[in-house]
Amino acid sequence: MTHASGTVVRFEGAQLQIDGTPRALNAMQQAASLGLDRTVRAVIPELSLITTDSASVALEAVGLAADALLALDPDETAQLMQPLSELFSEIQSSITATYFNSSAINAELKTNFEQTVESTVAVLKKAHGAALLAKVLSGELSGEELQARMKGLRGAIDARVAPKTLALERRAKTLCHQFKALKAFDRQLLSLIHISEPTRLGMI
């Protein structure tokens, strides 16, 4: 694992190496090292998948609305999705199956994600929604066609988004106690290697 300062921490069972140098550990620290190694190796892959899958589901839901309801062309869809796509890329760079940057995956990122989704939905309603309504009022799009689009959107969400959302909720609940252990991991790691900044975890 790599600390934000660049310090490389390597677990080898109950043993611990700091920048390639073995650290002398007492029996309690050896037990902690072994437990931390196992915990982080179990948590990081699933935490990675849940985080990226959640962002992916949000992208899919917005994309379905753009496609099924608004019938946007590819350029319009790309422009609408750009803020979410950029944030998704940021998430992917901060957490993978073998890497977790705890200084990046935090409350601020959660807030940014929520705000980005909200602003994207606002654009859907104000800009594209208004254009859709104008088409209905002008007769360019009939009420029946609008209802068909809305029905198609509901069907697509029920079929593609809702099951994934429920599955994510179940996985998140299962991971909850392990995630608490991951937070404890950071604190215990600091006490073992005597550093005081957040840790970027990359499994070796």
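This is a predicted model: local features need pLDDT of at least 70, side-chain atom pairs count only at pLDDT 80 or more; totals for chains, interfaces and linings use all residues.
View 1. The chain holds four helices and seven strands.

**View 2. The largest nonpolar core of the chain.** This core has 27 residues, and the members that touch the most other members are Val62, Leu69, Leu70, Leu80, Leu124 and Leu132. At least two residues of the core come from each of helix H1 (27–69), helix H2 (74–94), helix H3 (107–138) and helix H4 (143–193). The most is given by H1, which contributes 11 residues to this core.

**View 3. Surroundings of Leu132.** When the neighbours within four places in sequence are left aside, Leu132 is in contact with Leu69, Leu70, Leu141, Leu146 and Arg149. Among these partners, Leu69 and Leu70 are listed, together with Leu132 itself, as residues of the largest nonpolar core that touch the most other members.

**View 4. The chain as a whole, for orientation.** Of the 204 residues in the chain, 33% count as buried, and the accessible surface of the chain comes to about 11500 Å², with 57% of that area belonging to carbon and sulfur atoms. Among the contacts in the chain with a separation of 6 or more, 71% are accounted for by residues 24 or more positions apart.

Notes: Residues are numbered from 1 along each chain as its sequence is written. Side-chain values use heavy atoms; hydrogens and water are left out. A nonpolar core is a set of buried Ala, Val, Leu, Ile, Met, Phe, Trp, Tyr and Cys residues joined through side-chain atoms within 4.5 Å. Buried means under 20% relative accessible area, exposed over 50%, partly exposed in between (1.4 Å probe, protein chains only). Contact means heavy atoms within 4.5 Å. Accessible areas come from the Shrake-Rupley method with a 1.4 Å probe; for residues, only the protein chains shown count as cover.
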